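Good morning, colleagues. Please look at the model on the screen while I discuss its charged pairs and two further positions.

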Amino acid sequence: MLRGYLLNGLAQIKHSAPTLTHVRRYCSTTHQFMNVEKGNDGNGNANNESNKDQTPSEGGEGSSASTPTLGERKYLGRLPPASPTLKVLYKSPEYAIINKPYDVRIDGEAHEHTIEKMLRKEFPENEKFWWVHQLDYATSGVLCVGLTKKATAKASALFRERQTEKTYLALLHGVVPQGVHTVDHPIADDPQSDFKMMPGTDEVPGRSAVTKIEVLSYGKYNSKDVTKVALHPVTGRRHQLRIHTLLFGHPIVGDATYTDDLETPRMMLHAWRLLLPFKTGEIEIQTEDPFENIMDKE
């Protein structure tokens, strides 16, 4: 088991098995991470320490992946698919739950393809759609859409009160140690960007954020080590999963906003499962695994 906690403004992640303790400090001035690595003999005894102003490796130990930094450039996002498709997973008079395609915006009349425009074609009888929650442009997967204002308020309350259960699938760079891990570090708006978020610092503390990382399997993608994980966000901060996996030392494959991974055709992050525990009955939706056939398994 790996646990994360705050210590003097650091996101510290500790393994119980003999390994390295990874500590990431984010500098809001240079927009870079500082690494502190402490060898651990399994009993909490440090046997080596270094402190270098450098960025963490995307691929973990022995990886040749590029090192990510924040704030070096303005990334405008990949182009949307030429003909994105919308799959309806659940439909009632109150809700439509869909499998959102990646690299498609939720709304915006200036864009050719949006979820709202696709919903209008799918459900022409509905004059208006309400967003119960949000998925990032680059993220695919389960998205709940309200079909009435009252229903939207009821479902939104579940998210606000943290009664929902959300599980994401992701491919992470490198080999993540087996088990379930927790990253606990606040996330803040980046004052030097109108789009990006950043790990909280003493100067910009941000809001508390917790993510659980569950290892599912190992394999290769483009001949590099990757780990498939289930991500369980306890909180729901913007870009939380991207920031926390980066702090963890294993960024999401294809995250071109917070890393230099511009070659991967998409960000490998997918909203896989959603549980809505209404008093009148639960709604639980799970999609297929979009990464099942793109990873060479070991």
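The structure holds 11 salt bridges, a salt bridge being a side-chain nitrogen of Lys or Arg within 4 Å of a carboxyl oxygen of Asp or Glu. Please bear in mind that this is a predicted model, in which local features need pLDDT of at least 70 and side-chain atom pairs count only at pLDDT 80 or more, while totals for chains, interfaces and linings use all residues. Residues are numbered from 1 along each chain as its sequence is written, and side-chain values use heavy atoms, with hydrogens and water left out.

Which residue forms a salt bridge with Lys-87? The partner is Glu-288, and the closest N and O atoms are 3.9 Å apart. Lys-87 belongs to strand S6 (residues 87–91) and Glu-288 to the loop between S17 and S18, so this pair ties together parts 201 residues apart in sequence. Helices (H or I, at least four residues) and strands (E, at least two) are DSSP runs, numbered from the N terminus. Lys-87 is partly exposed at 45% relative accessibility, and Glu-288 is partly exposed at 43%. On this scale, buried means under 20% relative accessible area, exposed over 50%, and partly exposed in between, with a 1.4 Å probe and protein chains only.

Glu-109 and Arg-120 form another salt bridge, with 3.0 Å between the closest N and O atoms. Glu-109 sits in the loop between S7 and H1 and Arg-120 in helix H1, 11 residues apart. Glu-109 counts as exposed at 53%, whereas Arg-120 is partly exposed at 37%.

In the salt bridge of Asp-225 with Lys-220, the closest N and O atoms are 2.6 Å apart. Salt bridges that share partners also join Glu-109, Glu-116 and Arg-120 into one network.

I turn now to Thr-114. Thr-114 lies in the loop between strand S7 (95–100) and helix H1 (115–122). With a relative accessible area of 1%, Thr-114 is buried. A polar atom of its side chain lies 3.0 Å from the backbone nitrogen of Lys-117. Leaving aside residues up to four places away in sequence, Thr-114 touches Val-104, Arg-105, Ile-106, Asp-107 and Gly-108, where contact means heavy atoms within 4.5 Å.

Finally, where is Pro-290? Pro-290 occupies the loop between strand S17 (281–286) and strand S18 (296–297). Pro-290 is partly exposed, at 29% relative accessibility. Beyond residues up to four places away in sequence, Pro-290 touches Leu-169, Arg-266 and His-270. Between Pro-290 and Gly-141 the C-alpha to C-alpha separation is 9.1 Å, although 149 residues separate them in sequence.

How values were computed. A polar contact is a pair of N or O atoms within 3.5 Å; within protein, one must be able to donate a hydrogen and the other to accept it, and residues adjacent in sequence count only if both atoms are side-chain atoms.
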